[in-house]
Amino acid sequence: MLPMAASSPPDAGLRVSLEVEIPSDVAYIERVVDLVRHPCAELAFDPRKLALNVPVALSEALSNAILRGNHEDPAKRVRIRVAVDTSGLVVDVEDEGVRFDMDANMRDATAPENLEREDGRGIFLMRRLMDRVERFDADSGTGQGNVVRLTLRRG
Amino acid sequence: MSFSIKKEGEIVVVDVEGQLIVGNRQELKQKVLDELERGEKKFLIDFAQTGYIDSSGLGVLVSLSKKIREQGGELRLANLNDDLKTLFELTKLDTLFQISDTRDRALSSF
């Protein structure tokens with residue numbers, strides 16, 4: 001058997017995919033964050049990204065899907081699809097709610113007039129903490145549902 | 001995740017253990033508002049044992065700070081790690097709160 005080349009990292013070529021489905025209940029958010037952080041840690045993501053970018057941005061996407069998308073309707077589910085490899089993380093968070101325009105809901109949370117507002121930092125934080133945040137129509141066949149895709153480089 | 005409250009002299013100190021997120025922010029809000037109703041004026045939230053904070057957690061801190069100020073009191077924060085400091089800087093909430101590096105420094109700053 002040939003020895004492994006010393007220069008090739010042991011996680012090169014490794015790709016982790018996860019599918020998670022949860023009820024529309026914010027009590028599940030912390031658990032999903034832990035499930036997603038684990039493969040990111042295994043693949044040696046930057047510690048700051050593990051401690052800040054991933055948990056905060058993912059919490060925002062999940063709470064938006066549960067509260068604003070599904071309105072905590074127990075009949076509706078939130079589906080999370082995760083792909084992690086050495087280049088980074090891609091997470092899709094899909095709700096069953098009315099389609100929305102994410103840019104229309106974006107405001108500068110740091111503007112003086114918004115600083116003392118209790119709400120309005122969710123999408124702002126997702127955009128600041130991820131390399132890319134996109135919204136697609138869910139392929140649900142019902143004319144409803146949003147997919148918010150978060151993309152983050154590993155390093 | 002949990003919150004523990006104790007008094008240090010005239011100051012109500014709240015320790016946030018774990019996350020401060022959408023699922024538990026109301027519990028923190030209610031605990032602090034109960035103390036405010038009892039007439040307490042000086043509040044310190046210590047984040048030494050905190051993991052991450054989401055936008056609803058930040059929102060609750062902003063809302064509590066306003067309510068406490070309206071009653072003539074003050075809310076201060078302590079022990080933000082580097083990641084939490086970055087979160088406060090990104091949202092410019094570091095300009096809204098008095099933040100101390102240690103609990104002792106925060107307690108002596110009132």
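These legends describe close-up views of a predicted model.

**View 1. The open sheet of chain A.** Five strands of chain A form an open sheet of 5 strands in the order β1-β2-β3-β5-β4, with antiparallel pairing. β1 (15–23) and β4 (132–137) of chain A are the edge strands, and each pairs on one side only. On average, neighbouring strands are turned by 15° against each other, direction ignored.

**View 2. The pairing of β1(A) with β2(A).** β1(A) and β2 (residues 77–85) of chain A run antiparallel and are joined by 9 bridges. A:V16 has A:V84 in β2(A) as its bridge partner.

**View 3. α2(A) on the sheet.** α2(A) lies across β2, β3 (88–94) and β5 (146–153) of chain A. The helix runs at about 175° to β5(A).

**View 4. The largest nonpolar core.** This core has 61 residues. Its largest share, 9 residues, comes from α2(A). Among the residues with the most contacts inside the core are A:A57, A:L58, A:M126 and A:L150. Beyond its neighbours within four places in sequence, A:L150 is in contact with A:A57, A:L58, A:A61, A:V91, A:M126, A:M130 and A:V133.

**View 5. A positive phi at A:A44.** A:A44 is not a glycine, yet its phi is positive, about 55°. The residue sits in the loop between α1 (29–42) and α2 (47–69) of chain A. A:A44 is partly exposed because 14 other C-beta atoms lie within 10 Å.

**View 6. A positive phi at B:N79.** B:N79 has a positive phi of about 65° and is not a glycine. Its loop lies between β5 (74–78) and α3 (82–90) of chain B. With 21 other C-beta atoms within 10 Å, B:N79 is buried.

Technical notes:
Residues are numbered from 1 along each chain as its sequence is written. Chains are lettered from A and ligands numbered from 1 in the order in which they are written. This is a predicted model: local features need pLDDT of at least 70, side-chain atom pairs count only at pLDDT 80 or more; totals for chains, interfaces and linings use all residues. Helices (H or I, at least four residues) and strands (E, at least two) are DSSP runs, numbered from the N terminus. A residue is buried if 20 or more other C-beta atoms lie within 10 Å of its own, exposed if 12 or fewer, and partly exposed in between; C-beta atoms are placed from the backbone. A nonpolar core is a set of buried Ala, Val, Leu, Ile, Met, Phe, Trp, Tyr and Cys residues joined through C-beta atoms within 7 Å. Two residues are in contact if their C-beta atoms, placed from the backbone, lie within 7 Å. Two strands pair if DSSP finds at least two bridges between them. Axes are lines fitted to C-alpha atoms, for helices over the stretch in contact, and angles run from 0 to 180 degrees between N-to-C directions.
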